[in-house]
Amino acid sequence: MDLLNNLALGFQTALTLQNLAYAFFGTVLGTLIGVLPGLGPVATIAMLLPSIYALDATPALIMLAGIYYGAQYGGSTTAILINVPGESSSVVTAIDGYQMARRGRAGAALAAAGLGSFFAGCVGTIIIAAFAPPLTELAFKFGSAEYFSLMVLGLVGAVVLASGSLLKAIAMIVLGLLLGQINTDVITGTSRFSFDIPELTDGIGFVVIAMGVFGFGEIIANLGQPAEQREVFTKEVKGLWPTREDFKDAWPSVLRGTALGSILGVLPGGGALLASFAAYTLEKKINRNPRVPFGKGAIQGVAGPESANNAGAQTSFIPMLTLGIPPNPVMALMVGAMTIKGIQPGPQVMTSNPELFWGLIASMWIGNLMLIVLNLPLIGIWIKLLTVPYRFLFPAIVVFCCVGTYSLNNNNFDVFLTAGFAVVGYIFYKLGCEPAPLLLGFILGPMMEENLRRALLLARGDWSTFLTRPLSAGLLIAAALMIVVVMLPSIKSKRQEAFQDEA
Amino acid sequence: MKIKSQRDFWSGLMFLVVGGAFAWGAMDYSFGTSARPGPGYFPFGLGIVLAVLGGLVLFKALTLESEGGDPVGDIAWRPLIIIFTAIVIFGLALPRLGLICTLPLTVLLASLAGREFHWRDVLISSTLLTVGSWALFIKGLKLTLPVWPIYFG
């Protein structure tokens with residue numbers, strides 16, 4: 001059994017004291033930022049990237065992964081207790097979870113979310129372990145044309161599954177791709193769009209964009225909004241264990257949510273967010289006569305989406321680990337982290353760095369176990385954190401982001417550039433332009449260009465090479481289908497409906 | 001002509017201008033041929049695509065009705081300018097004044113952007129953050145950041 005051997009290697013790696021410590025640190029930090037509204041995993045991982053210079057690759061990635069799935073747990077806590085989703089993927093959890101909390105059933109809601117997430121996390125880990133090797137095999141058959149088409153599919157997926165205007169999202173991707181063109185051309189060595197500024201010839205660091213747009217841009221946007229009244233159900237969290245009826249109601253939802261989340265997580269651009277929305281819709285369709293109606297505190301409406309977003313968070317590692325293609329901004333940062341550590345992301349990672357690959361997977365299961373311990377018995381600590389006012393929080397974020405950007409190259413040029421992107425980020429926010437597709441485009445831009453040019457070179461300038469090679473054609477057809485499906489009037493209205501609460 | 005959606009109008013204009021600028025800038029680099037694409041090939045194409053997309057968004061903003069004109073809303077000038085300044089000051093001060101002086105300065109400046117401002121809170125924040133950052137970044141992660149002002153050598 002290869003799978004067992006591989007997992008054994010993974011657990012050997014993940015269970016060393018050092019790696020356990022980093023997994024723990026990552027999950028704690030993830031829960032923390034998940035609980036704190038206004039600080040997401042993208043900004044946090046971006047802030048931490050400079051620090052991983054001091055670490056080995058495996059503990060570094062284990063820690064960053066922990067932040068990502070930890071944030072999914074933490075985000076649901078705030079959604080349930082104060083109706084403020086800490087993460088965008090917990091938006092639907094807030095609908096029924098908060099109602100449960102108002103009826104004094106916060107404990108049951110938190111337990112349903114926690115246990116559902118744990119189950120989903122375990123399944124997600126097994127799926128990664130089982131499907132990564134065959135996918136890697138497939139990836140080795142890919143030439144430049146296939147990679148280019150795959151990235152097109154990935155970017156199209158990112159837009160289709162994003163919220164808001166389709167046209168603007170596509171434009172944001174192209175803008176990201178263009179920003180990625182500010183660099184030195186790999187083939188000819190020409191420096192492009194650098195305006196004779198030496199720092200720009202290496203390209204803009206994606207951390208600069210991530211921190212400027214996601215970190216600072218959000219701070220400015222948050223400060224510009226009127227103060228909100230928060231109602232925290234702190235005293236009423238007792239009776240953590242759900243009743244027998246709760247279990248009976250919740251477990252089918254957990255199973256369905258896990259299945260749905262696992263599938264949607266693999267899709268590019270999908271990941272946790274889409275999974276939770278889809279799971280909520282599914283639960284509403286299936287449970288025609290729930291014990292408690294949806295929107296009034298139905299436990300299914302908590303268990304389903306929470307399992308789905310955690311499963312989705314896990315399986316979104318698959319395209320990143322096997323193909324080296326990030327399906328969402330967090331994975332894009334993980335790719336960046338691998339590059340910092342001198343590992344070329346792609347199908348060869350599994351064979352060239354097996355400890356890293358399997359250790360990361362095993363650590364996810366361990367991390368999920370840690371999270372359930374962290375979140376259920378220790379819930380009181382996290383609730384206390386909710387009472388920290390934003391006026392203490394945002395100067396801390398500013399300081400960490402500043403130190404992070406400076407230490408990228410020990411150079412204040414990056415700091416000034418980040419200041420510029422903070423303004424740009426605020427403009428995007430004001431104009432209703434989603435920044436996530438931009439970051440994806442920015443990361444994939446140079447890879448796409450290289451593969452496009454290489455494919456054209458091999459095909460002697462014949463663009464039809466992308467359609468005559470069967471694998472490449474299949475991927476492009478899938479991308480075209482996705483756009484067509486989204487444009488269909490019935491789907492279009494559904495899509496707007498699904499993302500309505502988010503806006 | 002009436003603008004039907006403010007947000008779309010300005011974002012369309014932004015895409016159009018930025019796309020055009022990139023395409024125009026890419027003309028400085030050799031375009032090559034499809035068989036041997038040069039450094040200008042990809043950015044030129046992308047710039048044109050972005051400009052066209054921007055044109056489409058702009059067209060939609062001028063023709064399709066949207067709810068309440070989709071206004072951009074008030075711009076939060078105060079936090080925008082203060083946060084921007086705080087980052088720039090940080091960048092200028094760190095190489096000269098070191099971590100010990102720069103962080104309290106940044107915290108103080110950034111705090112001015114908030115709705116409430118209390119000297120006591122700023123004092124607490126800046127002390128905690130400066131000591132914390134020193135412990136985390138200098139002692140813990142061994143980053144080579146200037147700690148003290150250069151004037152003290």
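## Helix α4 of chain B

Let's start with helix α4 (residues 119-140) of chain B, whose 22 residues reach 30 Å from first C-alpha to last, close to the 32 Å expected at 1.5 Å a residue (1.5 Å times one less than the number of residues). Helices here are DSSP runs of H or I with at least four residues, numbered from the N terminus. This is a predicted model, in which local features need pLDDT of at least 70 and side-chain atom pairs count only at pLDDT 80 or more, while totals for chains, interfaces and linings use all residues. Residues are numbered from 1 along each chain as its sequence is written, and chains are lettered from A and ligands numbered from 1 in the order in which they are written.

Buried residues of α4(B) include Val122(B), Leu129(B) and Phe137(B) (20 or more other C-beta atoms within 10 Å of the residue's own, placed from the backbone). Their cover includes α18 of chain A and α3 (77-111) of chain B. After α4(B) comes Lys142(B), with a positive phi near 55°.

## Where the chains meet

The contact takes 54 residues from chain A and 61 residues from chain B (contact means C-beta atoms, placed from the backbone, within 7 Å). On the side of chain A that touches chain B, α18(A) gives the most, with eleven residues.

## Two helices in chain A

Helices α3 (residues 41-48) and α9 (residues 206-223) of chain A pack at about 140°, with axes 9 Å apart (axes are lines fitted to C-alpha atoms over the stretch in contact, and angles run from 0 to 180 degrees between N-to-C directions). The contact involves Ala43(A) and Met47(A) of α3(A), among others, and residues including Phe214(A) of α9(A).

How values were computed. Contact = placed C-beta atoms within 7 Å. Buried ≥ 20, exposed ≤ 12 C-beta atoms within 10 Å, placed from the backbone.
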